[in-house]
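Please consult the sequence and the structure below while reading.

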Amino acid sequence: MQQRGAARLGTTLSEIGLGTWQLGTDWGEVTAQDAQEVLQTAVEQGVTFIDTADVYGDGRSEQFVGQFRANNLEKNLFVATKMGRRGPQTFDEYTKEHFLEWNDRSRANLQMDTLDLVQLHCPPTDVISAQRTYDYLDEMVNAQRIARYGVSVETCEQALLAMERDNVASIQIILNVFRRKPLEEVLPRAQETGTAIIVRVPLASGLLSGKYTKETTFAPTDHRTYNRHGESFDVGETFAGVPFEVGVEAAQEFSALAAQFVPGASPAQVALRWILDQPGVTTVIPGGRNVAQVTSNAGAALLSPLPSELMAALEDLYNTSIREHVHNRW
């Protein structure tokens, strides 16, 4: 597994990491044994970067990750978490007292005195713009509560705002074959500033696996059921904001192109390779729910860069089928 770094981050990460939203909740039930098997397999495949959040299963994901890390200290895993979504998403909630409260809870869950990376978890834009936000975070670094901080964002505008702050080490953002807008300004700016780019929702909530049909259903506890229209949080987090029926049809075309140009690779692997081929990307965090998915995802790192003919065909697919639904929204 190749390692990639960024100046502001001050270290390197495996180019494919592991997202652990699915180990908490919102993707159907995952047992403690399932979680440990997923984490173990990821590390065996060369993953050194694990991303979690304090609200994934109300701390359940952090606890799984923290226990696994404590049992594998020799692996030197880099663990990122997030904070800021335990209450109403308003400016007044982002107080110094809440920052410390959220941080203490994550430190306990992860069994770490100093957290490797804490990201604000898709906060409102006025929080990203406010000087006090970074004053609080800088104080936490100085107190050795956290080693560095970043911002997980919903929009490209928010990413650009956050990167104006010199101490923002990372931006986490949605980028995939069906969400291309970050290529225009966010990734070039990240390269200019030395900011790490962590890519989430790389498979558009599974659409880009090519396994879904219009008749596919998901568990009631799965966000692909209850947040399909943005009922619980930003709709862009579910299927990358692409209407399900539209996405299924486009994913079938994507799968056919993947098979034509990269025979032997799965559609999901091609989708991940597409992200790795974008200049400015530091790491991508697919969230496998089982050993087979994690192993397959890691295999994307072994693929050669995608041929230019495929890249052009995928851009055409986006422009004709997807762009109108997502490009100007995020």
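How are helix 1 and helix 2 oriented to each other: parallel, antiparallel, perpendicular or oblique? The model is a predicted one, in which local features need pLDDT of at least 70 and side-chain atom pairs count only at pLDDT 80 or more, while totals for chains, interfaces and linings use all residues. Residues are numbered from 1 along each chain as its sequence is written, and side-chain values use heavy atoms, with hydrogens and water left out.

**Helix pairs**

Two packed helices are described by the angle between their axes and the distance between the axes. Axes are lines fitted to C-alpha atoms, for helices over the stretch in contact, with angles running from 0 to 180 degrees between N-to-C directions. Helices (H or I, at least four residues) and strands (E, at least two) are DSSP runs, numbered from the N terminus.

| Helix pair | Axis angle | Axis distance |
|---|---|---|
| Helix 1 (residues 32-44) and helix 2 (residues 60-70) | roughly 55 degrees | within 10 Å |
| Helix 3 (residues 96-110) and helix 5 (residues 131-142) | about 40 degrees | 10 Å |

Helix 1 and helix 2 are therefore oblique to each other; angles under 35 degrees count as roughly parallel, over 145 as roughly antiparallel, 65 to 115 as roughly perpendicular and the rest as oblique. Their crossing is right-handed, that is, the near helix is turned clockwise from the far one by less than a right angle. Ala-32, Ala-35, Gln-36, Leu-39, Gln-40 and Val-43 of helix 1 make the contact (heavy atoms within 4.5 Å) with Arg-60, Phe-64, Val-65 and Phe-68 of helix 2.

Helix 3 and helix 5 are likewise oblique, and helix 3 passes helix 5 in a right-handed crossing. Here Lys-96, Phe-99, Leu-100 and Asn-103 of helix 3 meet Thr-133, Tyr-136, Leu-137, Glu-139 and Met-140 of helix 5.

**Helix 12**

Helix 12 (residues 308-326) has a kink of about 50 degrees centred on Thr-320, the bend being the angle between axes fitted to the seven residues ending there and the seven starting there. Its buried residues (under 20% relative accessible area) are Leu-310, Ala-313, Leu-314, Leu-317, Tyr-318, Ile-322 and Val-326. These pack against helix 9 (244-261) and helix 10 (267-276).

**Ile-50**

Ile-50 lies in strand 4 (residues 49-51) and is buried, with a relative accessible area of 2%. Beyond its neighbours within four places in sequence, Ile-50 is in contact with Leu-18, Thr-20, Leu-39, Val-65, Leu-77, Phe-78, Val-79 and Ala-80. Of these, Leu-39 and Val-65 also take part in the contact of helix 1 with helix 2.

Definitions and conventions: Buried means under 20% relative accessible area, exposed over 50%, partly exposed in between (1.4 Å probe, protein chains only).
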